[in-house]
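These notes record what I looked up in one structure. I began with the sheets and went on to the packing of helices.

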Amino acid sequence: MPHEQITLYTAKICPYAQRTEIALAEVGAPFKRYEIDLGNKPEWYAPKVNPASKVPAIAYGGPDVPPENPSPESTKLAESLILVEFIGDLYPSSGIVPANPVQRAQARFFIEVVSTKFGPNFMKFASGNPEGTHTVLLAGVDAIQDLLPDGVKYAVNDQYTIADIALAPFWARLTVMVQKGIGAYKDEERKSFLKALEDPKYAKFNGYVQRLLARQSFKSTFHEDVVAEIFTKRFGLAK
Amino acid sequence: MSEQLTLYLHKLSPYSAKVELALVEANAPYRAYQIDLPNKPEWFASKVNPVGKVPAVTYGGPNVDPDDPSPLSAKIAESNVILEFLADLYPDSGLLPKDPVLRAKVRLFIDVTTKQVEAPLYDFIRGQGSYDNVLKGIEFIQGLLEEGTDFAVGDHYSNADACISPALARLKIITETDLGKFPVGMGYKLGEELKGPKFAKFRKYAQGMLDRPSLKQTHDEEYTITFFKTRFTERVQ
């Protein structure tokens with residue numbers, strides 16, 4: 001069944017926005033991509049697309065108009081996790097939303113843990129917040145690893161799902177930062193974090209995140225140079 | 001649906017209430033088991049929810065007594081995750097509409113309710129939050145309500161309505177009784193402000209939710225008021 005037009009307002013730097021780009025790539029949906037310069041947002045963006053002025057946002061349906069001239073007839077949707085579920089609903093046979101209710105619940109619980117135990121701590125660490133220590137980051141890693149089943153490729157089973165999509169952009173940005181020493185944290189914290197992850201007890205987690213970063217839909221939507229450059233400008237280098 | 005579903009809950013927990021509302025509105029069979037939160041049975045954390053919180057659901061597995069959960073049942077926690085699970089088990093119940101755009105709108109309503117209504121309201125009741133944030137949240141959620149409809153989204157009771165109703169029930173209590181840890185009189189003040197013409201759409205929606213039999217079935221107002229009286233004796237200034 002042909003769907004209505006999808007216009008995605010996004011930004012290469014933004015991990016929330018990348019979630020929706022990965023989802024669209026996974027389902028193979030045609031869509032128009034419009035980059036929003038987060039440091040210099042177009043004045044039509046908040047009034048016509050997303051009053052919260054954030055990315056990602058989707059304009060769905062309505063007439064075929066250029067992205068910078070959104071139509072009042074399209075439905076405007078926001079919030080990255082809601083958009084990922086929306087894309088899953090538009091393309092149910094893609095499998096990004098698991099087929100059975102129990103596995104769907106597992107995927108959504110995984111996402112809750114990413115949102116509460118990992119996401120906020122990543123920003124604290126990057127910005128040099130004293131609460132953002134390597135210990136706190138590792139607690140997030142532990143919480144995620146505790147949920148990973150044994151012997152399967154991804155968070156819920158061998159199928160790549162919304163759970164994996166929720167984590168991948170965040171893990172990738174953290175990886176870029178700690179490998180290049182970008183961020184306002186102390187370099188000691190970075191070293192402690194990397195050292196801790198070498199422990200064999202994190203084998204399952206390390207295998208899992210490697211697979212996340214190797215996924216084609218992730219690679220085609222991740223712009224490492226942009227991320228490195230903007231994070232360096234924003235947070236500086238670790239001392 | 002022949003699989004068993006057991007809901008572990010607490011009478012005073014608004015998060016438990018959300019789930020029970022959805023079950024009742026969907027006409028879904030379930031068993032309810034009250035967990036005495038201050039005196040949790042040790043099997044609850046080890047066999048049902050490691051975090052030890054309610055609501056939690058067991059689904060499937062053999063038909064065992066609720067206080068003897070089987071390792072074979074699926075264990076699901078987090079109220080909003082459980083709401084989605086119920087919508088998946090009962091796709092024709094209306095808990096989530098079938099249309100993708102309407103589903104997104106239900107989820108958005110839930111997201112806004114969680115962040116801008118529940119969190120500020122419960123903080124306020126506990127003496128930690130700001131009065132202004134409560135009002136702002138109510139105004140924001142009112143903006144999502146459509147004219148002339150009884151429900152949050154579309155023309156059927158959904159997870160969005162289940163999600164916000166326990167908060168509405170507690171809002172009613174604090175505005176009518178002024179019970180809570182917030183400064184004396186602020187509950188009444190909030191009630192007065194919500195009576196204004198600016199909040200007509202919200203009031204109509206809220207009253208509709210409070211009048212539903214499912215709410216009366218799952219919310220013991222007297223019991224909750226008594227709890228507020230004993231719990232919130234000290235008021236912040």
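**Conventions.** I worked with a predicted model, in which local features need pLDDT of at least 70, side-chain atom pairs count only at pLDDT 80 or more, and totals for chains, interfaces and linings use all residues. Residues are numbered from 1 along each chain as its sequence is written, chains are lettered from A and ligands numbered from 1 in the order in which they are written, and side-chain values use heavy atoms, with hydrogens and water left out.

**Sheet of chain A.** I took helices (H or I, at least four residues) and strands (E, at least two) as DSSP runs, numbered from the N terminus. Strand 3 (residues 57-60) of chain A runs antiparallel to strand 4 of chain A, and four bridges join them. I looked up A:Ile58 and found that its bridge partner in strand 4 of chain A is A:Leu77.

**Sheet of chain B.** I then read the sheet of chain B: four strands, open, in the order 2-1-3-4, with mixed pairing. Its edge strands are strand 2 (31-34) and strand 4 (74-77) of chain B. Here I examined strand 1 (residues 5-9) of chain B, which runs parallel to strand 2 of chain B and is joined to it by four bridges. B:Tyr8 stands opposite B:Tyr33 in strand 2 of chain B. Helix 1 (residues 14-25) of chain B lies across strand 1 and strand 2 of chain B, running at about 150° to strand 1 of chain B.

**Interface.** The contact (heavy atoms within 4.5 Å) takes 17 residues from chain A and 19 residues from chain B. I noted a buried area between chain A and chain B of about 1600 Å², with 71% from carbon and sulfur atoms; this is the accessible area (1.4 Å probe) that two parts lose on being put together, summed over both. A:Ile82, A:Asp89 and A:Arg108 supply 29% of the area that chain A buries against chain B, more than any other three residues.

**Helix pair between chains.** Helix 4 (residues 101-126) of chain A and helix 3 (residues 79-89) of chain B cross at roughly 160°, their axes coming within 9 Å. Helix 4 of chain A is therefore roughly antiparallel to helix 3 of chain B (over 145 degrees). The contact residues include A:Arg108 and A:Phe109 of helix 4 of chain A and B:Phe85 and B:Asp88 of helix 3 of chain B.

**Helix pair within chain B.** Helix 4 (residues 100-125) and helix 5 (residues 131-144) of chain B pack at about 155°, with axes 8 Å apart. I recorded helix 4 of chain B and helix 5 of chain B as roughly antiparallel to each other. Among the contact residues are B:Phe109 and B:Val112 of helix 4 of chain B and B:Phe140 and B:Ile141 of helix 5 of chain B.

Conventions. Axes fitted to C-alpha atoms, helices over the stretch in contact; angles between N-to-C directions. Parallel < 35°, antiparallel > 145°, perpendicular 65-115°, else oblique. Pairing = 2+ DSSP bridges.
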